[in-house]
Amino acid sequence: MQSLRVNRRGRYGDYGGRYVPETLIPALDELEAAFRSLRRDRGFRRELQGVLHDYAGRPTPISHAPRFSERAGVDVWLKREDLLHTGAHKLNNTLGQVLLAMRMGKRRIIAETGAGQHGLATATVAARFGLECVIYMGAEDIRRQALNVYKRQRLGAQVRPGHSGTRTLKDATNEALRDWVTHVESTFYIIGSVVGPHPYPEIVRVFQSVIGREARQQFRKAVGRHPGSVVACVGGGSNAIGIFDAFIGDTRIDLIGVEAAGRGLNSGAHAATLVRGRPCVLHGSYSYLLQTPEGQVAEAHSVSAGLDYPGVGPAHSALRDTRRVTYAAVTDREALKAFHSLTETEGIIPALETSHALAYLLKHRTRVNSPVLVCLSGRGDKDIDIIREVA
Ligand SMILES: *Cc1c(COP(=O)(O)O)cnc(C)c1O
């Protein structure tokens, strides 16, 4: 039951830790100390609660999905993070981290992003609080995401390309770490999921756990009981940890994390890190990782950019090993089908990432316990061009 909480060595079981250059250790220590004292600080908590309410739009509702339930054959309720400002759960975390940065006296924000939802959420909070903001993106992603890049620039962020490797998220992350090493005095690195060196996975868990805290109460009030199963998609794992956190202690409630099987688990083109990976070190922490037979980091693939990452948060690795959470994967095709299904039956256009969680219900209705609570992590407007291309 303790596996969601980090231990004194910065680990969840064997996973996590700090695999970073020596020069970053003092910065991580400083961050950990600031976070420890501020998370209990009444003024800080009130300030965060205030912006989550007045600026981001919390609490987000839960919605019953009667027509989708009919298709799925189970009773489905949706936690509506798509209704949060900027259209996904990411803002819960970037708001928390930017307030932390300011309390620590750091006025320069850096972040890395693949397709861009974390970049957008970071540029948004930097604009809101008037901070300098640099966002690293893979050169290939900059080309693919021209409109997103433009949006971030209008928000005042500088977008810088990472040119190494496959020119995608993995390289942008390396570039961001390099920047942080060089400007560690002035700069706060906002990490976008429950990944990276300790204490980031714990910080992001705490900031995202508002999702589950609200949903548990709302569900109880609306349905008169707790959900039988809670389902969320898993990229780095932050929306999943955010909703699971409130239910983890109650083992009668099934928790299910859904990864991207891409073109199929045997195609070599997927992002099913927990289902098919092996433990190794990436981006500062020890966790499950997609690897080639030679032990190199394998390239991930998913139709949804937010799941297209070869690593996963260390808490999920521990939860996989203890089996408190069941991890599964659905293909691009299954996710696309679920995307259309929710759109047609409920008038809610889900993100392609979220569509993976919904696809699990359509595919495995017998493996979930009704009523089901799904984390609707984000809205799908950003994915419409992709949908049109593959249709
Ligand atoms: C980024 C993103 C994800 C994946 O990130 P997690 O850290 O696994 O939550 C899922 N859904 C949406 C809408 C996203 O933007």
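In this predicted model, the lining of the second largest cavity consists of seven nonpolar residues, one polar residue and two charged ones. The residues concerned are Ala27, Glu30, Leu31, Met104, Lys106, Trp180, Thr187, Phe188, Tyr189 and Tyr200. Two elements of secondary structure, α1 (25-38) and β8 (187-189), each bring at least two residues to this lining.

The largest cavity holds about 70 Å³ of space. Its lining is made up of Val195, Gly196, Cys280, Leu282, Ser285, Ser287, Tyr288, Leu289, Tyr309, Gly311, Val312 and Pro314. Sorted by class, eight of these lining residues are nonpolar and four are polar, with no charged residue in the set. Both β11 (278-282) and β12 (285-289) contribute at least two residues to the lining of the largest cavity. Of the two strands, it is β12 that provides the largest share of the lining, with four residues.

The lining of the second largest pocket comprises seven nonpolar, six polar and nine charged residues. Three helices, α2 (42-56), α9 (200-208) and α10 (210-223), each supply at least two residues of that lining. The most is given by α2, which accounts for six residues.

The surroundings of the ligand come next. The ligand is surrounded by 17 residues, and the closest of them are Lys90, Ser193, Gly237, Ser238 and Ser377. The shell around the ligand is divided into four nonpolar, eleven polar and two charged residues. Several polar contacts can be picked out by eye in the structure above. In the side chain of Lys90, an N or O atom lies 2.6 Å from an oxygen atom of the ligand. For Ser193, a polar side-chain atom is found 2.6 Å from an oxygen atom of the ligand. At Gly235 the backbone takes part, with an N or O atom placed 2.8 Å from an oxygen atom of the ligand. Taken alone, the ligand would expose 380 Å², and 97% of that area is buried by the protein.

Finally, the chain can be viewed as a whole. The secondary structure of the protein chain amounts to 16 helices and 14 strands. Along the principal axes, the C-alpha atoms occupy a box of roughly 55 × 45 × 40 Å. The radius of gyration of the protein chain is 19 Å, and this agrees with a compact globule because one of 391 residues would have a value near 21 Å.

Conventions. Residues numbered from 1 in each chain as written. Predicted model: local features only at pLDDT ≥ 70, side-chain atom pairs only at ≥ 80, totals over all residues. Heavy atoms only, no water. Near = heavy atom within 4 Å. Polar contact = N/O pair within 3.5 Å; in protein donor to acceptor, adjacent residues only side chain to side chain. Areas by Shrake-Rupley, 256 points an atom, 1.4 Å probe, with all protein chains shown as cover. Nonpolar A, V, L, I, M, F, W, Y, C, P; charged D, E, K, R; others polar. 1 Å grid on protein atoms, 1.4 Å probe; cavity = no way out; pocket = protein on both sides within 12 Å on 5 of 7 lines; lining within 4 Å. Points joined across faces, edges and corners; volume = space filled by probe spheres on them. Rg over C-alpha atoms; globule rule 2.2 N^0.38 Å.
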